[in-house]
Amino acid sequence: MIRGLYTAASGMMVESTRQETITNNLANSETTGFKRDLALQRSHGEQPVVRLGDNQPFGIRPVIGSLGTGSLIDGIHTSYEQGSLQETGRDLDLAMAGDGYFVVETEQGLRYTRNGAFSIDADRMLVNDQGHRVMGTTGPLQLPAGEVQVDQAGSVFVNDAMQGQLAQVSFADNTELQKVGDSLFTAAEGAQQQPVTGMVKQGFLEGSNVQAVQEMVQMLAAMRAYETNQRVVQAQDDMLRKATNEIAALR
């Protein structure tokens, strides 16, 4: 019975983490460039069930089966699936259609993002919505006043005069990226980069890849699984109470 308590409790912990992950996805369903997370779980493993007694020789315990010992969170996986492109008509709104990331300069170093909601600050520097400078291939991009045009390759023009090229990166393995907040990612040391295959679309933003209805269904499933494990804990507790207070009193 004690083992049953631990098994049900581990299930409650797994479903609690799933609910937290889903809640964060739903909270960011309207966040530009956000990528949804999935809580992956796995079995905690199985233990052999042996038979005791029956006049077996000392040390001999015949295995009569196996027993699961619950589940646990194996990790949080980020889905890098493309979000829908939303047309804004704004010159400084840029989206990556396909593979690739924009590069911004932060106090902690270079970071990568799919959020192309850019603007120009007081120094005429191209910045993202947190004020981080957007990187070109030769450094941060500074733009003069005028009409801004960005082609599919990421070349930036003002009044038809080329001002630079947006820095764009892609990674052979997106699992080497880690979220750092504000739709920014950092790459693991030594992460292998590869040629960018996506294209830049001016006047568009990439929406979150969260499907709200799907997340709500998953949330309900996680809540029901949590409640089921909760009832198992209660049942195990009732059996323990009877074993200690009622059955023991009969001896």
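Modeller: Here is a tour that starts at the hairpin and then moves on to other places in the chain. Keep in mind that this is a predicted model.

E17 covers 177-181 and E18 covers 184-187, and the two pair in the antiparallel sense over four bridges. One of the pairs to look for is glycine 181, whose bridge partner in E18 is leucine 184. Two residues sit between the strands, and in this hairpin aspartate 182 takes a positive phi near 55°. Serine 183 is in the loop between E17 and E18 too, with a phi near 60°, again a positive value in a residue other than glycine. As a general point, most residues other than glycine have a negative phi. Is serine 183 buried or exposed? Its relative accessible area is 12%, under the 20% cut-off, so serine 183 counts as buried.

E18 also pairs with strand E8, residues 109-113. Two bridges join E8 to E18, and the strands run antiparallel. Here tyrosine 112 has phenylalanine 185 of E18 as its bridge partner.

For another positive phi, go to arginine 124, where the value is near 65°. This arginine is found in the loop between strand E9 (119-120) and strand E10 (126-127). With a relative accessible area of 32%, arginine 124 is partly exposed.

Next, have a look at an open sheet of three strands, ordered E13-E14-E15 with antiparallel pairing. E13 (148-150) and E15 (161-165) are at the edges and have a single partner strand each, so one side of each has no neighbour in the sheet. On average, neighbouring strands here are turned by 25° against each other, direction ignored. E14 spans residues 155-158 and is joined to E15 by four bridges. If you want a pair to click on, valine 158 stands opposite alanine 161 in E15.

Last stop: arginine 18, which lies in helix H1, residues 2-27. What is its relative accessible area? The value is 15%, so arginine 18 is buried. Setting aside neighbours within four places in sequence, arginine 18 is in contact with Ala39, Gln41, Gln218 and Ala222.

Methods: Residues numbered from 1 in each chain as written. Predicted model: local features only at pLDDT ≥ 70, side-chain atom pairs only at ≥ 80, totals over all residues. Heavy atoms only, no water. Pairing = 2+ DSSP bridges. Axes fitted to C-alpha atoms, helices over the stretch in contact; angles between N-to-C directions. Buried < 20%, exposed > 50% of the residue type's maximum accessible area, 1.4 Å probe, protein only. Contact = heavy atoms within 4.5 Å.
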